[in-house]
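Subject: The structure I promised you

Hi,

Here is the structure I said I would pass on. Have it open while you read, and then we can go through my notes together.

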Amino acid sequence: MSKIKLSFSLLLALILVGMLSNAAFAKSPFSFGATQNADNTYTVTFKALSTDKAGTVFTVTLRDAGNSEVGTPQDFTTAVDADPQTFTYTTSALTVGARYTAELVYKANPTLVVASSDLLVADSNNGIIDTSKVDHSTNLINANETGFEGLSKKRSGQKMHGSYQNNTNSCASCHQTHTGEDHYLLFRDGTYSTCAACHDGTMGANGVFEAASAKSGTFGGSHAGNMSVHLADGTVDVKAAPGGNHTDTGAWGAEFTCASCHNPHGSDSARLLKTDPAGWIKTENTITGADAVNKNGNTNGGMKFSNKTIYASTAIPTTNVGDYILVKQTAVAQATIDGNVFYTKAAVPAGSDIISTYKWDYKGKKYIADSSLWMRSDGGRPAVMTELKAAGVAKAPTAEFVIVWKDGFAYSKPLDTTVASIDSATFLIGAAVDKVTNNYDYFDSAAPTYVKDSGVQMSKFCASCHTDYLSATYANADTGVFTDAHRHQTDTDRLTCVRCHYAHGTDATIMKDSLDKGLTELTAVDGKFAGNEAGALDYLKDPNPSSALKRYTGMAVCFGCHDGSIASDDTTWSNYNALQPGVYVAPVAP
């Protein structure tokens, strides 16, 4: 996708003037166009979705090349059953040969552009607006009817994202073989627009622009509510991530889009989350040395470790020979297996030989057990694969030699000698974000160990781009891959990234105060702003317009954890001196 890279200052300006929400033009009634009549009237035609055929009110606006309104925008109401929908409106005479845009928006939500056509006024003799150049928010129609309403439901239950049948037609849901809008043959120009076509809340899929989401947040924030969102529309690179690498190319230079975090072709993680968000599994890790990290001169922290020696459990290195190593235990006792939830979950028999993952702990200056997943081939060319090797030859799993990919270990059952013969490995580390009951499980200290580990994996997932912010300690400044600073201890189940932040975005409509009271609770009959939604929104509005995707307004995100003494709605915070740094108060489940 070819795009002009916008500077951060320009992006911030776009946000502040409320322009970003206009990017949510995902829902596109098809065959949208406008025809000039003999006089100064124009007829708009489009195919409405079934949800729009019951008196939905739209507004048609004509804009010039400078995006200024031409004439007065006019409303019309759709017919209940008629299709195509048509509407004739009047405007002042247009300049012959000048370019104009006809724009269709919802009356109830004027920031959501439903569709637009880039129109060229023809010569005055035929009086026809040339619609041959249709903008990318208007769908191209092909034989597979890509993008049509309810497509996924009309294909005999075939899956849109992964688990494809051998006779699949699912590819046509997003791609057009000969008439794609970009080099991926997507039916919209770019990943963001293609994903938004279904995920804007109008096609039955999960809506990412809905303001009421308490799970991942929303892209549908407003300027009035001081919205803050991940800029997933491809206008910035991955390296723009706070706490990331702002200079290197490679994975850091890739455009940040929906597909940076989600795998459109399927994933075994929750919400199609990628196991390799920033593309690091193909990058060799070169970090070595007792305290070595990127800021001290090493090249990168990729997640590929090629042809590495496997260490005996009795000979684990005491200095950093790599961020991750593999360790071999033979004839493992039942007590050791019982003491490891991942071995127990996999039903490893007593007496098995086990190869498992260890990572370097920069706080304790030693290697500790780890459960990060090992990447297996995703079908790409060349294959991206963790391989356990004996004399340089990769060993494939069997009924007796089992690789537990998701938890990063392998074992040979008693009497099998495969693990005993393995002496080296090329292994690739990814993030395994399990599906949990709700986001609370990501930071519930009372949850089972295997669920709590999902919280650590969530932080690792975010830290694929926000690398510096994954910290094992808050006690000293020796943290961060690229910089030194004191940080929250995020490499723990209690303080996962989603404890304080939404993944997609936020604004006052979904933020809460430190008592976990949001718009709904504050405007309830017994709420502080009963019947006064405007007052509640003003109270929840973050004082800093760039709110960093926070779940809580302002610095109430601090009070949420560091003060368990506030038992009433005390807006004066007169008991602020009761703050106890380090005291963790479990939040109400979001």
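This is a predicted model: local features need pLDDT of at least 70, side-chain atom pairs count only at pLDDT 80 or more; totals for chains, interfaces and linings use all residues.

**The whole protein**

You'll find nine helices and 22 strands in the protein. There are 590 residues, and 46% of them count as buried. The exposed surface comes to about 27,600 Å², with carbon and sulfur atoms supplying 55% of it. If you take the contacts between residues at least 6 apart in sequence, 58% of them join residues at least 24 apart.

**Around leucine 549**

Is leucine 549 buried or exposed? Its relative accessibility is 11%, so leucine 549 counts as buried. The phi angle of leucine 549 is near 60 degrees, which is a positive value in a residue other than glycine.

Now look at serine 228, in strand S9 (residues 228-229). A polar atom of the serine 228 side chain lies 3.2 Å from the backbone nitrogen of leucine 549. Leaving out residues up to four places away in sequence, serine 228 touches Gly505, Thr506, Ser547, Ala548 and Leu549. Serine 228 counts as buried because its relative accessibility, 8%, is under the 20% cut-off.

Another residue that touches Leu549 is alanine 503, which also touches Ser216 and His230, again not counting residues up to four places away in sequence. Alanine 503 is in the loop between helix H6 (449-462) and strand S22 (505-506). How far apart are alanine 503 and serine 216 in sequence and in space? They are 287 residues apart in sequence, yet 5.1 Å apart in space, going from C-alpha to C-alpha. With a relative accessible area of 36%, alanine 503 is partly exposed.

For another positive phi, go to alanine 347: its phi is near 55 degrees, and this residue is not a glycine either. Alanine 347 belongs to the loop between helix H4 (341-345) and strand S14 (353-361). At 57% relative accessibility, alanine 347 counts as exposed.

**An enclosed strand**

Next, find strand S10 (residues 233-237). Five of its five residues are buried, so S10 is largely enclosed by the rest of the structure. S10 runs antiparallel to strand S11 (residues 255-257), and two bridges join them. In one of the pairings, aspartate 233 has threonine 257 in S11 as its bridge partner.

In soluble globular proteins, nonpolar side chains tend to be buried together. Here the largest nonpolar core has 30 residues, and those with the most contacts inside it are Leu326, Ile355, Trp374, Leu388, Phe401, Phe427 and Ile429. The elements giving two or more residues to this core are strands S12 (304-312), S13 (324-329), S16 (373-374), S19 (401-404) and S21 (424-430). Which element supplies the largest share of this core? That is S21, with four residues.

**Aromatic pairs**

Last, the rings. The count comes to nine aromatic pairs. One of them is phenylalanine 76 with phenylalanine 87, a stacked pair at 4.6 Å centre to centre, with 15 degrees between the planes. Phenylalanine 76 is in strand S4 (residues 74-77) and phenylalanine 87 is in strand S5 (residues 85-90), 11 residues apart. Phenylalanine 76 counts as buried at 7% relative accessibility, and phenylalanine 87 is buried too, with a relative accessible area of 15%.

Phenylalanine 409 and tyrosine 411 also form a stacked pair, at 6.3 Å centre to centre and 25 degrees between the planes. Phenylalanine 409 and tyrosine 411 are both buried. Finally, ring pairs link Phe58, Phe76 and Phe87 into a cluster.

How values were computed: Residues are numbered from 1 along each chain as its sequence is written. Side-chain values use heavy atoms; hydrogens and water are left out. Buried means under 20% relative accessible area, exposed over 50%, partly exposed in between (1.4 Å probe, protein chains only). Contact means heavy atoms within 4.5 Å. Accessible areas come from the Shrake-Rupley method with a 1.4 Å probe; for residues, only the protein chains shown count as cover. Rings of Phe, Tyr and Trp (its six-membered ring) pair if their centres lie within 6.5 Å; planes under 30 degrees apart count as stacked, over 60 as edge-to-face and the rest as tilted. A polar contact is a pair of N or O atoms within 3.5 Å; within protein, one must be able to donate a hydrogen and the other to accept it, and residues adjacent in sequence count only if both atoms are side-chain atoms. Two strands pair if DSSP finds at least two bridges between them. A nonpolar core is a set of buried Ala, Val, Leu, Ile, Met, Phe, Trp, Tyr and Cys residues joined through side-chain atoms within 4.5 Å.
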